Amino acid sequence: MSFDETFDVIVIGAGHAGCEAASASARIGSQTALVTLNLDMIGQMSCNPAVGGIAKGHLVREIDALGGIMGRVIDRTGIQFRLLNRSRGPAVQAPRAQADRALYRTEMRRTLEATPNLHLRQGLVIDFIIEDGCTIGVELQDTRRLRANAVVVATGTFLNGLIHTGRRTYTAGRAGEPASIELAESLKHLGFPVGRLKTGTPPRLDGRTIDWDAFIPQPADERPVPFSFSTEQIEQPQITCFIGYTNEVVHHSIRSNISESPLYSGQIKGVGPRYCPSIEDKVVKFPDKSRHQLFLEPEGHDTYEVYLNGFSTSLPSELQQDIVHKIPGLEQARIIRPGYAIEYDFVDPRGLTPFLQTVKIHGLFFAGQINGTTGYEEAACQGFMTGVNAALFVQGREGFRLRREEAYIGVLIDDLINHGVDEPYRMFTSRAEHRLSLRHDTADTRLSAYGRDLGLVGDSTWDRFNQRYERLAKLRVLLEETRFKRSDSQYYALSNMLGKDLGDSISLAHLSQYPNIDNDLIFRFLPENVGVAYTFDDLETALANILYSGYIQSQRSNVERIYQYDGLNIPQSFNYSLIGGLSNEMVERLQRAQPQTFGQARQISGITPAAICLLLFQLKRAKAA
């Protein structure tokens with residue numbers, strides 16, 4: 001068989017998974033082709049123009065620590081940075097950034113085009129070329145054949161994509177782009193178990209037709225937290241987003257027209273994301289709520305387009321316009337692009353190895369929504385891992401994987417390949433048993449050494465990492481050794497502030513544990529001139545390490561203790577709904593899975609560590625009785 005071009009690795013699709021896969025593969029040293037339908041849509045944000053969020057921000061930090069590119073691209077194109085969950089503990093805080101959608105796409109393409117060994121190709125892949133159970137290339141619709149010993153499939157929602165807007169349906173990968181029908185059929189022909197999932201997007205509005213005074217401003221953080229450990233400063237101007245709410249008039253209109261929604265007419269068969277419901281789902285499933293929160297997010301500095309976050313819908317477009325007008329502040333708003341739902345094929349990820357290579361076909365790797373996940377960040381981390389492992393595969397080197405206790409990426413892949421999905425998989429901090437040690441600010445100390453070994457962390461980044469590592473070690477010693485004695489003037493001020501005696505002396509490390517003491521105060525208390533040597537980010541990380549040190553050790557002990565009860569039987573008649581403190585979602589998952597032992601229950605996808613502890617307590621109590 002003749003081929004038009006030969007590469008080491010081919011990546012199909014240039015979404016967030018495909019971009020990371022192609023970049024990692026090429027930088028490891030493999031000649032890599034990134035094949036996509038439209039080179040102008042590389043890195044397109046199909047839904048929300050934002051990166052990060054709770055647990056998702058952790059994934060982006062981990063990608064960056066390993067040498068990936070998403071963090072650096074969003075730092076150059078983000079127009080509103082916010083650290084979420086500031087009022088809660090450091091383990092569940094996470095960075096998020098609103099992106100300039102067009103600029104993000106431009107910067108991602110620029111980054112890829114500047115990557116050695118990476119070749120961009122436009123075309124529609126319609127089939128795999130397989131020989132003796134091994135991948136040897138792909139065939140394009142325009143009859144070109146490209147040869148490679150490893151192929152990464154990162155097709156997003158394009159596999160048999162079907163868009164729904166009211167009763168109207170049409171095939172598409174996303175609005176305005178064709179679906180990948182032939183490639184989806186090729187996967188079925190090869191014997192892969194295929195299912196259907198669904199996601200959706202809200203309408204985009206013309207910002208010139210919005211009454212902005214009717215909404216609550218949500219400004220960017222004064223001190224932006226970047227995603228990349230190599231970013232020293234966010235340079236682009238920041239914008240303000242806005243918060244609004246639906247009302248009973250909106251809800252009544254949706255209920256009155258619910259038969260027009262393909263979600264409720266039976267038209268849509270695929271399962272949608274539980275944690276990102278459409279506005280129809282919100283109104284139907286939460287009838288007691290009189291309003292639902294909305295976020296109005298401008299899509300860039302040079303456009304009037306506004307993303308109506310929280311209002312995902314597949315209602316008919318004319319009905320969308322009518323309902324949007326019932327939202328206070330949007331009485332005159334015009335819809336630029338209506339919202340829609342999209343169904344697409346996915347392949348059961350339980351047929352993958354820990355390296356995200358298919359068991360059925362050697363050299364074939366899957367990443368992103370084809371594995372049943374949802375979200376840019378979940379896709380990107382899989383793309384990075386497949387790009388690394390595809391390159392290592394063709395080079396005859398050992399594959400690369402991460403354990404659950406090392407990274408959220410390890411949690412995600414472990415969940416997918418061992419438990420599969422029954423709905424679009426989204427990352428949450430609650431999925432990680434070791435989340436206290438998997439903070440977003442510790443991703444470099446956990447993972448940068450791996451990136452260095454892979455050749456993805458360059459000299460300057462590695463030097464910066466080592467310098468930060470040394471600063472954190474010295475800062476921890478400084479916090480523990482800097483003490484206030486009764487004879488010091490600050491001692492009595494602190495004692496009065498806290499309303500208690502502090503003993504003969506107290507260290508800064510100990511002082512930081514009190515709830516009325518914030519990090520700004522600790523920073524001011526550092527010895528004179530010493531604070532110049534450390535950044536405020538250094539201090540936050542050092543204090544969080546001190547705060548969680550005891551908890552982390554206890555958590556590890558608890559996990560080891562729980563594992564010893566894996567053989568504990570669960571009676572067939574066991575009633576999970578009677579377990580106090582167990583959420584309805586956890587009860588539903590347990591009842592559906594019907595585990596026979598505690599070990600089986602512990603491995604059910606989506607079961608939180610807290611739910612496992614409650615279940616174990618009840619099982620042990622029932623056994624003792």
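Visitor: Why is Arg223 called partly exposed?

Guide: Arg223 has 33% relative accessibility. Buried means under 20% relative accessible area, exposed over 50%, and partly exposed in between (1.4 Å probe, protein chains only). Arg223 therefore counts as partly exposed. The model is predicted: local features need pLDDT of at least 70, side-chain atom pairs count only at pLDDT 80 or more, and totals for chains, interfaces and linings use all residues. Residues are numbered from 1 along each chain as its sequence is written, and side-chain values use heavy atoms, with hydrogens and water left out.

Visitor: What makes Glu540 and Arg223 a salt bridge?

Guide: The closest N and O atoms of the two are 3.6 Å apart. A salt bridge is a side-chain nitrogen of Lys or Arg within 4 Å of a carboxyl oxygen of Asp or Glu, so the pair qualifies. Glu540 lies in helix α17 (residues 536-563) and Arg223 in the loop between β16 (216-218) and β17 (241-245), so the bridge ties together parts that are 317 residues apart in sequence. Helices (H or I, at least four residues) and strands (E, at least two) are DSSP runs, numbered from the N terminus.

Visitor: Which class does Glu540 fall into, and why?

Guide: Glu540 is at 25% relative accessibility, so this residue counts as partly exposed.

Visitor: How do you know that Lys285 and Asp281 form a salt bridge?

Guide: Their closest N and O atoms are 3.9 Å apart, and the pair therefore meets the cut-off. Both lie in helix α8 (residues 279-285), four residues apart, about one turn of the helix.

Visitor: Why is Lys285 called exposed, and why is Asp281 called buried?

Guide: Lys285 is at 57% relative accessibility, so it counts as exposed. Asp281 has a relative accessible area of 13% and is therefore buried.

Visitor: What makes strand β21 largely enclosed by the rest of the structure?

Guide: Eight of the eight residues of β21 (residues 340-347) are buried, so the strand is largely enclosed. Tyr340, Ile342, Tyr344 and Phe346 point one way, while Ala341, Glu343, Asp345 and Val347 point the other way.

Visitor: How do you know that β12 and β21 pair?

Guide: Two strands pair if DSSP finds at least two bridges between them. Strand β12 (residues 162-165) has three bridges to β21, in the antiparallel sense, so the two count as paired. In this pairing, His164 stands opposite Ala341.
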